[in-house]
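We will go from the whole chain down to single residues, one selection at a time.

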Amino acid sequence: MGARHIPESAAPTIVWLHRDLRLTDHAPLLEASRRGPVLVCFIWAPEEEKPWEPGAASRYWLCQSLSALDRDLRSMGSRLVYRRGPSLEALQELARETGARSVFFHRRYEPALSRRDDLIVGKLERSGLEARVFTGDLLFDPERVRTVAGGRYRVFTPFWRACVESEHQPPKPLERPNALAKPSRWPRSPSLGELGLEPAVDWASGIRADWKFGEAAACEKVRRLRSRVRRYDELRDRPDIEGTSRLSPHLAFGEVSPRHVWYSLSGGRPTPGRAALLRQLGWREFAHHLLCHHPKTPDEPLRSAFADFPWRTDARALRSWQRGRTGYPIVDAGMRELWGTGWMHNRVRMVVASFLVKDLLIDWREGARWFWDTLVDANLANNTLGWQWCAGCGADAAPFFRIFNPTRQGERFDPDGAYVARWVPEVGTAEYAPPIVDHGEARKRALVAFDTLAA
Ligand SMILES: Cc1cc2nc3c(=O)[nH]c(=O)nc-3n(C[C@H](O)[C@H](O)[C@H](O)COP(=O)(O)OP(=O)(O)OC[C@H]3O[C@@H](n4cnc5c(N)ncnc54)[C@H](O)[C@@H]3O)c2cc1C
């Protein structure tokens, strides 16, 4: 059936999803639902995300999250339609098959996707379709946050002050549509299984055991956070205690929006715990601001002096780090937590990153790649900021010469050794491998390497 046979009021609006797998606070979906029939689609096109196509843990989460969203849509009498890329062709085909005249979606900030989306908008419009891009996956629009002189921020504190003081509050989250009208007929769709997101060999039991997927689980976590957030500032650095929100994969896949988290925690008496958590959401904003304005940073240091850093190539050491066999208990615990559950505590992320970059002198990009493949919350903006921060080559980064002592970090943040005992049970026995480097020597070597750079 061609577009011209369908009266305008019956033409569906295509809502094209990406990392916004929710029904609440979803501007494209709400706006589409107010116009008439809605066709919600997900297009699997990893080649368009290169060189940062979703890693293995992300693909697994994505699959579970899509399945949860499809269930939620079906409970409203709708459904999710899947397609394979190329995205432009898939959208045009869907429009031809259903008579849709409009495509709505959220803006994406990853450089490859943002370039692709600009092209797609132009081509859709030239073919007579309406394309509307909405913001809504960040608290503040990164284009609008500017220094007094009109420039971009490279330091977090003034950036965040500008967000919360000049822009005041982020926009309120939008409601969930009450109903979704169906298109006159559903277009064909492969099944979710046919997209091939799930691994052939099931390695994901640890992820399944630790996480619940989808919007309902994410919202439930936010609800529970309201009573826990009071002590966030005291507990957030302790990997042995569940002191942080663990919202990162839910935010990474847009199962819940940051505005929803923000407003769920607002109201009532302000507490240091709440302020500290909202400030972490500020780091997420800052990361996206940087990625938007420095799109090469996933692959290049922001501080160009680091382009010539004398990194070592050491496949064995890299492998020991990846597998949690460095002989440093806190590093090994973190790397095994990551391998087992797809997540690692922020403090430990900093310790393992510092160990790779400074003790082993291995390029931060090797670490960023490993995290990208193994994290369930892999997010290009946050991962890039985290790695460049730890390597000392990013915006507002920890100076390279400040080198964590992994033993002291363990004593300080895992004082009873409970975290290490959980992930490295053989610690303290003859089975535990000796350290692959001596920290004191490695520290000296790192400082010499840094001096060659500064000279
Ligand atoms: C080397 C390195 C790599 C990282 N890679 C990622 C990544 O790929 N994806 C990711 O979401 N986070 C990344 N982080 C940031 C941080 O470690 C995680 O967001 C955090 O551990 C998630 O746990 P949580 O949800 O309990 O965080 P909470 O402490 O409860 O914070 C709430 C939310 O704020 C945001 N947030 C918190 N800390 C940061 C931060 N430092 N930078 C940006 N946003 C932050 C996250 O969305 C998080 O879910 C990385 C940090 C480092 C040091």
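Start with the whole chain in view. A compact globule of 455 residues would have a radius of gyration near 23 Å, and the chain has 23 Å, so the two agree. That radius is taken over C-alpha atoms, and the globule rule is 2.2 Å times the number of residues to the power 0.38. The C-alpha trace spans about 75 × 55 × 50 Å along its principal axes.

Two notes before you click further. Residues are numbered from 1 along each chain as its sequence is written. The model is predicted, so local features need pLDDT of at least 70 and side-chain atom pairs count only at pLDDT 80 or more, while totals for chains, interfaces and linings use all residues.

Now switch to a cartoon view. The chain has 19 helices and five strands; helices (H or I, at least four residues) and strands (E, at least two) are DSSP runs, numbered from the N terminus. Of the 455 residues, 44% are buried. Here, buried means that 20 or more other C-beta atoms lie within 10 Å of the residue's own, exposed means 12 or fewer, and partly exposed is in between, with C-beta atoms placed from the backbone. Among contacts with a separation of 6 or more, 80% join residues 24 or more positions apart; a contact needs two C-beta atoms, placed from the backbone, within 7 Å.

**Colour by domain**

Eight residues of domain 1 are in contact with nine residues of domain 3. On the domain 1 side, those residues divide into five nonpolar, two polar and one charged. For these classes, Ala, Val, Leu, Ile, Met, Phe, Trp, Tyr, Cys and Pro count as nonpolar, Asp, Glu, Lys and Arg as charged, and the others, Gly among them, as polar.

**Select the ligand and its shell**

Which domains give residues to the shell around the ligand? Both domain 2 and domain 3 do, so the ligand lies between them. In all, 29 residues surround the ligand, and the closest are T244, S245, N346, N383 and G386. Highlight α9 (248-252), α11 (272-293), α14 (346-359) and α16 (380-391): each supplies at least two residues of the shell. By class, the shell has 15 nonpolar, nine polar and five charged residues.

**Select helix α2, residues 56-74**

At 1.5 Å a residue, the 19 residues of α2 should span 27 Å, and the end C-alpha atoms are 27 Å apart, which agrees. The expected span is 1.5 Å times one less than the number of residues. Buried residues of α2 include W61, L62, L66 and L69. Show what covers the buried residues of α2: β2 (38-44), β3 (80-84), α6 (205-210), α7 (215-228), α9 and α15 (364-374) are included.

**Select helix α10, residues 258-265**

P258, R259, H260, V261 and L265 are buried in α10. The buried residues of α10 pack against α7, α9 and α11. Just after α10, G267 takes a positive phi of about 85 degrees.

**Look at the backbone**

Most residues other than glycine have a negative phi, and most peptide bonds are trans. Zoom in on the K50 to P51 peptide bond, which is cis with omega near 5 degrees; P51 lies in the loop between β2 and α2. The bond from G85 to P86 is also cis, with omega near 0 degrees, and P86 is in the loop between β3 and α3 (87-98).

Next, pick R246, in the loop between α8 (232-235) and α9. Phi of R246 is near 55 degrees, a positive value in a residue other than glycine. Is R246 buried or partly exposed? R246 has 15 other C-beta atoms within 10 Å, so R246 is partly exposed. L361, in the loop between α14 and α15, has a positive phi of about 55 degrees although it is not a glycine. With 21 C-beta neighbours inside 10 Å, L361 counts as buried.

**Last stop: A131**

A131 lies in strand β5 (residues 130-134). Leaving aside neighbours within four places in sequence, A131 is in contact with V103, V121, L124 and E125.

Methods. A residue is near a molecule or strand if its C-beta atom, placed from the backbone, lies within 6 Å of it. Domain bounds come from an automatic or database domain assignment.
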